[in-house]
Amino acid sequence: MRNAPQPLPHQRRRHVTSGSPARAQSIDDLRAMALRRLPRFSAEYLEGGAEEERALHGNRAAFDDYRLAPRILRDISSVDLSTNLFGRPMALPFGIGPTGFNGLLWPDGDRALAQAAAGAGVPFGQSTVSNATIAHIAAVPGLRHWFQLYCYGPDTVWQSLVDTAQQQGCEALVVTVDTPVIGNREWDRRNYAGPGRISLSAKVDTLFHPGWLWRTILQPGMPRFPNLEPFAPEGQRDLFGVAAWSSSNMRTEMDWAMLGRIRARWPGKLLIKGIQHVDDVRLAVDAGADGVVLSNHGGRQVDRAIAPLHLIAPARAAAGPDFALLVDSGFRRGADVVMALALGADAVLLGRATAYGLAAAGPAGAARALAILAEETRRAMQLLGVTRVADLSPAIFA
Ligand SMILES: Cc1cc2nc3c(=O)[nH]c(=O)nc-3n(C[C@H](O)[C@H](O)[C@H](O)COP(=O)(O)O)c2cc1C
């Protein structure tokens, strides 16, 4: 082994951690930039998973269960990354999924993500717990706007949100069903002295991130949850008041019958997000959904949950060829996207990948995340000898 090549010492290899987002070579670079800019408590909110983070790491490890078998000497001079979803073209086979509290990452963060999505010709899912009204996001020109629904409090709350989403022209309602209670996110809680009270050491840590503190909190003012604010009791409508109200008013009794009532009220496309069992794919079809998002919420809910990548092929077999099958959790590379499409997904949703870009550099960072993934997806397809999304199949695997 004397002549075995020595790896470059790890300390000599560095991610890009600052400067223009154009310098970021990968989503990992945007992540490094984000983690440098954010104070500890907001970095943890973005990064963390439930309990021992097995599901979080399992989402990435799942991609290692497949090996690719590139085909050569094929004309790959022209590649088409576009696809179709709900009968409409999508410029890229991925979109931005819903993440709450984006205002903690960048001022008006939801709008920044929506603008990046519109610029790239892909959908954006706005969370119920976003820091922008539905109308504010609907005003982004050219946006394919989806609204993600969490149900809190009485039926009148979800009914009102669904009606507003319809009035504002949202194409799809994404009903998230993997969060009947909030996952056990211990790492997140360690930064708090109590519900809604950041610990002293986490507060002190924010002072070491003055750029974030000024630009994200002090200058624009504390973010709010404007979609839920009208439903919280008087005097409990600031950020932490609404957070406390919503977490103590979760609809733990929500079931397929309630999903049926949402379906009956919502005339647009309906996606059920957070499906983790093939039997639930069948029930979603029976419930009249237009599609599902296979997701374990980025490892933030059930710590030993299956990686959604492993559910794609059985879900496709169960749902048939025409049912919209989306997937998220752990997607950081173009090759990841290619693998999901080859296994039978119609499209991928991005969670942290675009959120890292947002946290690193706002709208330009979010756009950079999409550009990196588009470039990587294109290159991965070329190296595999495939030029159209529709031609991706299990044949790409060894
Ligand atoms: C910071 C953060 C906030 C999230 N907020 C929501 C939310 O409000 N609604 C929702 O349906 N999913 C939410 N998710 C889950 C994402 O939609 C998505 O399922 C997950 O991020 C995918 O995993 P990935 O981050 O590894 O890509 C959130 C995820 C993160 C990381």
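Which helix gives the largest share of the shell around the ligand? The points below take this up first, then turn to helix packing and backbone angles. The model is predicted.

1. **Ligand shell, by element.** H15 gives the largest share, with three residues. Helix H15 spans 352-384, and helix H2 spans 40-47; each supplies at least two residues of the shell.

2. **Ligand shell, by residue.** The ligand is surrounded by 25 residues. Gly100, Ser127, Gly298, Gly351 and Arg352 are the closest. Sorted by class, 13 residues of the shell are polar, eight are nonpolar and four are charged.

3. **H1 against H15.** H15 also packs with helix H1, residues 27-37. Their axes come within 10 Å and cross at roughly 170°. H1 therefore runs roughly antiparallel to H15, since angles over 145 degrees count as such.

4. **Residues of the H1 and H15 contact.** From H1 come Ile27, Leu30, Arg31, Met33, Ala34 and Arg37. Across from them in H15 are Ala353, Tyr356, Gly357, Ala359, Ala360, Ala361, Gly365, Arg368, Ala369 and Ile372. The contact of H1 with H15 has eleven nonpolar residues, two polar and three charged.

5. **H12 against H13.** Helix H12 covers residues 278-286 and helix H13 covers residues 312-319. The two pack at an angle of about 35°, and their axes are 9 Å apart. The crossing of H12 past H13 is right-handed.

6. **Residues of the H12 and H13 contact.** H12 contributes Val278, Val281, Arg282 and Val285. These meet Pro314, Ala315, Ala318 and Ala319 in H13. Seven residues of this contact are nonpolar, one is charged and none is polar.

7. **Glutamate 53.** Most residues other than glycine have a negative phi. Glutamate 53 is not a glycine, yet its phi is positive, about 60°. Glutamate 53 sits in the loop between H2 and helix H3 (54-61). Is this residue buried or partly exposed? Glutamate 53 has 18 C-beta neighbours inside 10 Å, so it counts as partly exposed; a buried residue needs 20 or more.

8. **Phenylalanine 101.** Here too phi is positive in a residue other than glycine, with a value near 65° for phenylalanine 101. Phenylalanine 101 lies in the loop between strand E3 (94-96) and helix H4 (109-120). Phenylalanine 101 is buried, because 20 other C-beta atoms lie within 10 Å.

Terms used:
Residues are numbered from 1 along each chain as its sequence is written. This is a predicted model: local features need pLDDT of at least 70, side-chain atom pairs count only at pLDDT 80 or more; totals for chains, interfaces and linings use all residues. A residue is near a molecule or strand if its C-beta atom, placed from the backbone, lies within 6 Å of it. Helices (H or I, at least four residues) and strands (E, at least two) are DSSP runs, numbered from the N terminus. Ala, Val, Leu, Ile, Met, Phe, Trp, Tyr, Cys and Pro count as nonpolar, Asp, Glu, Lys and Arg as charged, and the others, Gly among them, as polar. Axes are lines fitted to C-alpha atoms, for helices over the stretch in contact, and angles run from 0 to 180 degrees between N-to-C directions. A crossing is left-handed if the near helix is turned anticlockwise from the far one by less than a right angle, and right-handed if clockwise. Two residues are in contact if their C-beta atoms, placed from the backbone, lie within 7 Å. A residue is buried if 20 or more other C-beta atoms lie within 10 Å of its own, exposed if 12 or fewer, and partly exposed in between; C-beta atoms are placed from the backbone. Angles under 35 degrees count as roughly parallel, over 145 as roughly antiparallel, 65 to 115 as roughly perpendicular and the rest as oblique.
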